[in-house]
Amino acid sequence: MGKQLKLWYRRPAKKWTDSLPIGNGRIGGMVFGGVNQERIALNEDTLWSGYPKDKNNPTASQYLDRVRRLCQEKKFGEAQDYLEAHMLGDYTESYLPLGDIWMTFPDMMEKNITNYVRELDLNRAVAYTQYGCQGILYEREVFASYPAQAIIMKLTADHKGAITMELGATSPLRTNEKVAGNQLIMEGICPSHVEPSYLECAHPIVYSQKDEEKGIRFALILEAEVCGGTIEKKGDRLCISKADSVVIKMVVRTSFCGFNCSPYLEGSEYLEHAKADLMQIEKKTYEELKKEHEEDYKKYYERVDFSLEETGEDTVATDERLENITHGKRDLHLYELIFQYGRYLLISSSREGTQPANLQGIWNDQMRAPWSSNYTLNINTEMNYWPTEICNLSEMHEPLFRMIEELRVNGAKTAKLHYGARGATAHHNTDIWRITNPVGRTTKGSVGYAYWCMGYGWLCQHLYEHYEYTQDKTFLREVAYPAIKDAALFYCDVMTKDRDGYWIISPSTSPENSFSYEGSTYKLDITTTMTTQIMKEVFQNVICASEILEIDGEFAEQLKEKIEQLRPYGIGKRGTLMEWYDDYDEVEIHHRHISHLYALHPGHELTLEKTKELTEACRKTLLSRGDDGTGWSLGWKINAWARLGDGEHAEKLLKRQLQFVDSDDMNYSNGGGTYRNLFDAHPPFQIDGNFATCAGIAQMYLQSHDQEVLLLPALPKSFRNSHMKGLRAVGDLEVDLVVKEGKLEKAVLYAHSTCKHPVCVRYGKKKYCFTPQEGETYKLSRGDFL
């Protein structure tokens, strides 16, 4: 189905962000495609530092009233200092690299290589390397299989006995290796703690000798099978001589057994589990394993087909395409590629039963990765999952939902200890141990990112969105509603009245931003716009769910009353939406976050039809923030401009997102773009921008909320002849769209559920309303809209 799409290159990867990612949701690999030495950098999604530990500050709640009062008196500096000294907890742990697989080919010399190519086939989720050397054609292909729970690789040559190589493994973790027959076995253990990379520390990596503080253990097994030739042991490596072909199977398991269980004292039998993984695929041929993998992958990937006109043959290497578009050349094919690459990465990094995709998905090669490669809940984790429902990958949401439920457990403790409140909360960071406290210890300046109690509420948006898209009432009752209700209970308990009699949450921050007041810069305010927006959305979702499920009517009525008394959003002196409690001057006009536009996107409260004045203020805010930023910020702006119905500006940001970046140096302002392997560049690498860009392209074709489906709401002129098939809309609808000369040629809607309420499909100012019936197909042309 659809076009054959691939990333391809004319030379091996020189660095990690040149290499090509493969993954099965749990195990990840970065394939370099080297000639005389191949490297596959490995990850496993439960390989983190640390162990279950209560990182809450047990006395924090007793200081809340004083900080709140200081903010009301506008003594912001004193409030910040006091909060940082008394109300923060410890930092998260770090996501870690497993290590590297090394394949050394002593007979290969790069100077003798001809016709080199490496590629990642998105249609099949297989990475290839091919080249000629001294008249022999060598080929490798490798994939990460979800059914097999393994990475599988095959090396071939078109001459018999042409493959001679050494196979080994290294790791930055504490490990020991041994060779047994045709297997290489590595066992190791993770540190008890790794400090975030942004903190200076004499001993940032700690291995405790106390059993209760010891980290996650793991086992990696490599098994080589040869056709022809021999396998011998050479120290801690396998030596393969004069083989016709080689198949390598890689399996890995860890002792992680839950966010609240000691990985050392209560851990899973990781080595036996890894051996069992090998046993289950022992009798399967390589072709059987590949067929099984491709069938599993394609059932998700092939749901959506996106095609633009004039894309032609894929005769230009991917990195050359990036260079061309950076220099202003038109390349619609790159739009298709970056869209489907986002879907590929989501399938590869988030599957049922795995951990959610973190800041880097599942791919990381550093012991102290940027921002610990953790879960950042003030935009990045949520952004990872923006494509799930609209891009027809709903199943990939499951790991996030499981994490939300686990955060609910720890979040109840944080709510009580830090705020004296019911319900549950989480702040801006979490990890595999599901910490929910504000991080920072007593670090000066940390309040701007750390003290933000809205993370759990934002995550709850995904729960209700999943219900809207799937109409799964059982999910709403058993999973979504209890979690959203806990968020609402927490907000009810921490609310306070402001000077005008409105309900607010105080004190508050607007993630990572600051404002100017009386000549000084501050980050802590009486309250902020985003705080109110998330709180209001949580209340609304509880009310809607209560009506659908016919439960908690009294609580829903209480929330309706509170919504009427929430502080209204303000428009500032420059016509922009106010971010802070008062109309303060901005410190950083082009700040990367657009947090106060939450109600525009990813929320749905502010729309062109219903809130024109506030929506116009959002447009002016985006113009003020500008069209530069970090990679993920550019992705957010693509979606925001699409919500404003401005396809041309959305495409402008899309082009900016695709600017080639070669630097890994940290840049918080204007360095965003795309690496050679199409990973999003903050820089450094963060995967959230890939997912935001994918979702943003989908939003140009289709938007849906409140039982309304918008067709082609923000289509740029360059998409004037195209089709987008297989997107999903609220009401459990699947939508195919065909565009000719910039106008809707045909829309086909497939109803997967029967809806009780009518759905209104809108194209421009015209509408078509119907009540979907399960199994029915609705074919529409422009003439069907009234």
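Reply:
**From a cysteine to the sheet**

Cys-239 counts as buried, because its relative accessibility is 12% (buried means under 20% relative accessible area, exposed over 50% and partly exposed in between, with a 1.4 Å probe and protein chains only). The model is a predicted one, in which local features need pLDDT of at least 70 and side-chain atom pairs count only at pLDDT 80 or more, while totals for chains, interfaces and linings use all residues. Residues are numbered from 1 along each chain as its sequence is written, and side-chain values use heavy atoms, leaving out hydrogens and water.

The structure holds zero disulfides (pairs of cysteine sulfur atoms within 2.5 Å). For Cys-239, the nearest cysteine sulfur belongs to Cys-227 and is 19 Å away. Cys-460 is likewise in no disulfide, with the sulfur of Cys-453, its nearest, 13 Å away; Cys-460 is also buried, at a relative accessible area of 1%.

Turning to the sheet, nine strands form an open, antiparallel arrangement in the order β1-β6-β7-β8-β9-β18-β15-β12-β11 (strands are DSSP runs of E with at least two residues, helices are runs of H or I with at least four, and both are numbered from the N terminus; two strands pair if DSSP finds at least two bridges between them). At the edges lie β1 (6-9) and β11 (174-180), each of which pairs on one side only, and the twist averages 15° from one strand to the next (axes are lines fitted to C-alpha atoms, for helices over the stretch in contact, and angles run from 0 to 180 degrees between N-to-C directions). Within this sheet, β12 (residues 183-189) and β15 (residues 217-227) run antiparallel and are joined by seven bridges, where Ile-185 has Ile-221 of β15 as its bridge partner.

Helix α3 (residues 270-281) lies across β9, β12, β15 and β18, and runs at about 145° to β18. A further helix, α4 (residues 286-301), has 16 residues and reaches 22 Å from its first C-alpha to its last, close to the expected 22 Å (1.5 Å times one less than the number of residues). Among the buried residues of α4 are Tyr-286, Leu-289, His-293, Tyr-297 and Tyr-301. What covers them includes β7, β8, β9, β18, α3 and α6 (contact means heavy atoms within 4.5 Å).
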